[in-house]
Amino acid sequence: MILYRPVGEREKQLIEESGFLKFPPRLPWQPIFYPVKTKQYAEEIASRWNTKDEQSGYMGYVTRFEIEDAYIETFPVQTVGLSYHQEYWIPSEELEEFHRHMIGTIEIIEEFTGN
C-alpha cells in the first residue's frame, strides 16, 4: 500500500539522515504516528498547517512510501474530518516495528513554503 506523511523541515532532515529509511521518533507529547491514505490530505496538512508552524520551520513536505498491506491493515482507518481525511494511528512505541514493514525508501514528493 502507498501511504503519505506530511512533515516539517526538521522531520525532513531526520528522514534524510536515516538514508530515507525511517521516520523520526515521536516527541514525548506525541502518542501516535499518523500516516495518511491520500496525497490530497497530506498536501493539505503540509501546505496549510506546516507552513504556518514555527516548529516545522514554516516548511511543509509530503512524503510517500510503501508498506506491507497485511501489516497496515491490522490498524483501523481513522476518518478525522472530510471523507478523504483518512489516516492510520500507529502507537509511537511501535514506530520501529512499522519501519520493518516498509518497502523501499521514503520519497519527498512535494514542498511548500510559508510566508
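Helices of at least four residues and strands of at least two are DSSP runs, numbered from the N terminus. In those terms, threonine 51 is found in the loop between H2 and E3. The model described here is predicted.

**Threonine 51**

Threonine 51 has a relative accessible area of 6%. The cut-off for buried is under 20%, so threonine 51 is buried. A polar atom of the threonine 51 side chain lies 2.5 Å from the backbone oxygen of serine 47.

**The sheet**

Strands of a sheet pair through backbone hydrogen bonds, either parallel or antiparallel. Here three strands make an open sheet, ordered E1-E3-E7, and the pairing is antiparallel. Strand E1 (2-7) and strand E7 (102-113) stand at the edges. Each has a single partner strand, so one side of each is left without a neighbour in the sheet. From one strand to the next, the twist averages 20°.

Strand E3 covers residues 59-67, and six bridges join E1 to E3. Eight bridges join E3 to E7. Specific partners can be named. Tyrosine 4 stands opposite arginine 64 in E3. Valine 7 has tyrosine 61 in E3 as its bridge partner. Tyrosine 61 in turn has glutamate 111 in E7 as a bridge partner.

How many of the nine residues of E3 are buried? Seven are, and E3 is mostly covered. Helix H2 (residues 39-48) lies across E1, E3 and E7. The helix runs at about 50° to E7.

**Aromatic pairs**

A search of the whole structure finds six aromatic pairs. Two of the pairs share phenylalanine 33.

| Pair | Distance between ring centres | Angle between planes | Class |
|---|---|---|---|
| Phenylalanine 23 and phenylalanine 33 | 5.1 Å | 50° | tilted |
| Phenylalanine 33 and phenylalanine 98 | 5.2 Å | 65° | edge-to-face |

Why do the classes come out this way? Planes over 60 degrees apart count as edge-to-face, and those under 30 as stacked, with the rest tilted. At 50°, the pair of phenylalanine 23 and phenylalanine 33 is therefore tilted. At 65°, the pair of phenylalanine 33 and phenylalanine 98 is therefore edge-to-face.

Where do these rings sit in the chain? Phenylalanine 23 lies in the loop between helix H1 (9-17) and strand E2 (32-33), and phenylalanine 33 lies in strand E2. This pair therefore ties together parts that are ten residues apart in sequence. Phenylalanine 98 lies in helix H4 (residues 95-100). Its pair with phenylalanine 33 ties together parts that are 65 residues apart in sequence.

Phenylalanine 33 has 1% relative accessibility. Phenylalanine 98 is also buried, at 0% relative accessibility.

One aromatic cluster is formed by Phe23, Phe33, Phe65, Tyr71, Phe75 and Phe98.

**A charge over a ring**

Which residue lies over the face of tyrosine 34? Arginine 5 does, at 4.5 Å from the ring centre.

Note on methods: Residues numbered from 1 in each chain as written. Predicted model: local features only at pLDDT ≥ 70, side-chain atom pairs only at ≥ 80, totals over all residues. Heavy atoms only, no water. Pairing = 2+ DSSP bridges. Axes fitted to C-alpha atoms, helices over the stretch in contact; angles between N-to-C directions. Contact = heavy atoms within 4.5 Å. Phe/Tyr/Trp six-rings, centres within 6.5 Å; stacked < 30°, edge-to-face > 60°. Buried < 20%, exposed > 50% of the residue type's maximum accessible area, 1.4 Å probe, protein only. Lys NZ or Arg CZ within 6 Å of the ring centre and 35° of its normal. Polar contact = N/O pair within 3.5 Å; in protein donor to acceptor, adjacent residues only side chain to side chain.
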